[in-house]
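Please read each point against the sequence and the coordinates shown below.

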Amino acid sequence: IREGDKLRPITADDIVILLRAPGSSGGFYQAALEERGIRVNSGTGADLLQTEEILFLRSMLQIIDNPFQDIPLIAALSSRIIGFTADDLAAIRAPGSKKKTVYESLRVSDMEKAQNFVSLLKQLRQDKRLCSLSELVDKLLQATRMDSIFASFPDGAIKTANLQAFYQLVRECEASNQKELGQFLDYLEAMEEKGLSVVADQKISGA
């Protein structure tokens with residue numbers, strides 16, 4: 001990088017990643033960079049929906065609603081909570097299963113962790129039909145132990161607060177008559193498309 005008459009080495013502050021519409025994908029970029037110790041400033045403030053813990057929670061809710069969505073399913077599997085490695089995912093997506101969805105490949109895999117996850121997802125999809133939205137989120141938290149796992153991380157207090165804030169958002173949506181999981185997911189997607197962010201004190205702000 002040229003500064004005046006001199007050149008200097010490039011630094012992280014010189015690099016920008018441009019996304020046409022960051023939406024939920026922006027959070028995946030941020031989480032991946034931060035896992036590698038690369039400091040990131042998204043320029044949008046502390047958007048609850050872009051944090052690692054809420055990206056995972058939302059991915060799980062998306063596949064509870066419809067498990068045949070490859071992107072949120074892979075995001076959930078490769079999270080620090082579920083813990084599938086790149087080799088695990090490659091083994092599931094063997095050459096003979098390329099035409100199948102990830103979920104179909106997962107169901108026929110003989111990998112123990114794959115079968116455990118399929119059983120977990122099956123139970124949560126049954127809960128979806130019997131429980132309220134907030135009860136479903138409660139059961140998801142309990143089944144994955146994500147709240148206690150995230151609490152053990154160095155920034156665990158923040159992650160725990162974010163999970164609590166998201167749960168409060170769920171309760172508020174229920175109170176406003178958005179009681180179905182699909183309705184709630186559509187609401188979150190609509191907010192992102194409008195460039196709105198959810199902050200931990202539950203105020204919605206413009207990007």
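**Notes on the model**

1. Lys128 has a relative accessible area of 29% and is therefore classed as partly exposed, a class that lies between buried (under 20% relative accessible area) and exposed (over 50%), with a 1.4 Å probe and protein chains only. Asp65, at 28%, is partly exposed as well.

2. On provenance, this is a predicted model, in which local features need pLDDT of at least 70 and side-chain atom pairs count only at pLDDT 80 or more, while totals for chains, interfaces and linings use all residues. Residues are numbered from 1 along each chain as its sequence is written, and side-chain values use heavy atoms, with hydrogens and water left out.

3. The protein contains 10 helices and four strands, where helices (H or I, at least four residues) and strands (E, at least two) are DSSP runs numbered from the N terminus. Along the sequence the order of elements is β-β-α-α-α-α-α-α-α-α-α-α-β-β. Of the 207 residues, 38% are buried, and the protein exposes about 12,200 Å², of which carbon and sulfur atoms supply 52%; these accessible areas come from the Shrake-Rupley method with a 1.4 Å probe. Among contacts (heavy atoms within 4.5 Å) with a separation of 6 or more, 56% are between residues 24 or more positions apart.

4. Returning to the pair in point 1, the side chains of Lys128 and Asp65 meet in a salt bridge with an N to O distance of 3.1 Å, the criterion being a side-chain nitrogen of Lys or Arg within 4 Å of a carboxyl oxygen of Asp or Glu. Because Lys128 belongs to helix 6 (residues 112–130) and Asp65 to helix 2 (residues 52–65), the pair ties together parts that are 63 residues apart in sequence.

5. Arg125 is also found in helix 6, and a relative accessible area of 24% makes this residue partly exposed. Leaving aside neighbours within four places in sequence, Arg125 is in contact with Ile63, Ile64, Asp65, Asn66 and Pro67. The C-alpha atoms of Arg125 and Leu61 are 9.5 Å apart in space, although the two residues are 64 apart in sequence.

6. Shared partners join the salt bridges of Glu52, Glu53, Arg80, Asp155 and Lys159 into one network.

7. Helix 7 (residues 133–144) packs against helix 9 (residues 156–175) at an angle of about 155°, with axes 9 Å apart; axes are lines fitted to C-alpha atoms over the stretch in contact, and angles run from 0 to 180 degrees between N-to-C directions. The two helices are therefore roughly antiparallel to each other, the label for angles over 145 degrees. Leu133, Ser134, Val137, Asp138 and Leu141 of helix 7 make the contact with Leu163, Tyr167, Val170, Arg171 and Glu174 of helix 9.

8. Two loop residues deserve a look in the viewer. Arg145, in the loop between helix 7 and helix 8 (146–151), has a positive phi of about 55° although it is not a glycine. Ser109, in the loop between helix 5 (102–108) and helix 6, is buried, with a relative accessible area of 12%. Apart from neighbours within four places in sequence, Ser109 is in contact with Ile92, Ala114 and Gln115.

9. Which residues make the nonpolar surface patch? Ile1, Ile10 and Ile15 make this patch of about 310 Å², its members being residues with over 30% relative accessible area and no salt bridge, with nonpolar side chains joined within 5 Å. Ile15 sits in the loop between strand 2 (6–7) and helix 1 (25–35), and at 55% relative accessibility Ile15 counts as exposed.

Technical notes
Patch = residues over 30% accessible without salt bridge, like charges linked within 9 Å, V, L, I, M, F, W, Y side chains within 5 Å. Parallel < 35°, antiparallel > 145°, perpendicular 65-115°, else oblique.
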